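Please look through the structure shown here, and then follow the report below, which moves from the core to the helices and ends with some backbone details.

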Amino acid sequence: MDTVYVRDLKMDARIGIYEWEKRIRQKIRVDLEMAWDNRIPAASDDIKDTLNYKTAAKRVIQLVENSHYELVERLAETIATTLMDDLGVPWIRVTVGKPGAVRGSSEVGVQIERGKRE
Ligand SMILES: Nc1nc2c(c(=O)[nH]1)N=C([C@H](O)[C@@H](O)CO)CN2
């Protein structure tokens, strides 16, 4: 299976386990890798046959803008479930990173894979 990807999607999120984190927005970074058969849109040259990476990115931005998450795990899971359900993605790898959350590290976070990559 081919992939469609979104790299380094940067947003300001309300995320974290501490009280002070619930009152502010912090930088997060999201990478998406999504399985898709790209031979079909390649043959038709039609956006309707694609997994539209702009649609996927906008959906992630909506999920981040509208909620508070305690854990990066919860946000990553929500992104995976939503994109699989809404866009018919059969397999997804989601990375959610919090740059600057841990002193001395450039970024901390999680990476998950859900679904089947045929
Ligand atoms: N595995 C995780 N560890 C931690 C998380 C998390 O979401 N997943 N969150 C925090 C705090 O919110 C931290 O980012 C504040 O500096 C700590 N560990």
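## A residue in the core

Which residues does Met34 touch, not counting residues up to four places away in sequence? In this predicted model, Met34 is in contact with Thr3, Val4, Leu51, Ala56, Leu83, Val89 and Ile92. Met34 belongs to the largest nonpolar core, a group of 22 residues, and within that core Met34 and Ile79 are the residues that touch the most other members. At least two residues of this core come from each of β1, β2, α3, α4 and β4, and the largest share, six residues, is supplied by α4. In soluble globular proteins, nonpolar side chains tend to be buried together.

## The chain and its confidence

The mean pLDDT of the protein chain is 97, and 100% of its residues reach 70 or more. For the complex, the predictor gives an ipTM of 0.96 and a pTM of 0.97.

An unreviewed UniProt entry lists residues 4–114 as "domain: Dihydroneopterin aldolase/epimerase".

## Helix α4

Helix α4 covers residues 72–87, and its 16 residues reach 22 Å from the first C-alpha to the last, which is close to the 22 Å expected at 1.5 Å a residue. Its buried residues are Val72, Leu75, Ala76, Ile79, Ala80 and Leu83. An α-helix has 3.6 residues a turn, so residues three or four places apart point the same way.

On the other side of α4, Asp85 and Asp86 are exposed. The buried residues of α4 are covered by elements that include β1 (2–15), β2 (26–36), α3 (53–65), β3 (68–69), β4 (91–98) and β5 (108–115). After α4 comes Gly88, whose phi is positive, near 70 degrees.

## Helix α3

Helix α3 has 13 residues and reaches 18 Å from its first C-alpha to its last, close to the 18 Å expected at 1.5 Å a residue. The buried residues of α3 are Ala56, Val60 and Val64. They cover an arc of only 75 degrees around the axis, and therefore they are on the same side of α3.

Exposed on the other side of α3 are Lys54, Lys58, Gln62 and Glu65, whereas the buried residues of α3 pack against β1, β2 and α4. One of these buried residues, Ala56, is also among the residues that Met34 touches.

Most residues other than glycine have a negative phi. Where in the chain do Asp8 and Asp45 lie? Asp8 is part of strand β1, while Asp45 is found in the loop between α2 (39–44) and α3. The phi of Asp8 is near 60 degrees, a positive value in a residue other than glycine, and the phi of Asp45, near 55 degrees, is likewise positive in a residue other than glycine.

Are these two residues buried or exposed? Asp8 is exposed, because 9 other C-beta atoms lie within 10 Å, and a residue counts as exposed if that number is 12 or fewer. Asp45 is exposed as well, because it has 8 other C-beta atoms within 10 Å.

Definitions and conventions: Residues numbered from 1 in each chain as written. Predicted model: local features only at pLDDT ≥ 70, side-chain atom pairs only at ≥ 80, totals over all residues. UniProt positions renumbered as here; feature names shortened; annotations may be inferred. Helix = DSSP H or I, 4+ residues; strand = E, 2+ residues; numbered from the N terminus. Expected span 1.5 Å × (residues − 1). Buried ≥ 20, exposed ≤ 12 C-beta atoms within 10 Å, placed from the backbone. Contact = placed C-beta atoms within 7 Å. Core = buried A, V, L, I, M, F, W, Y, C linked by C-beta atoms within 7 Å. pLDDT = per-residue confidence, 0-100. Arc of directions from axis to C-beta.
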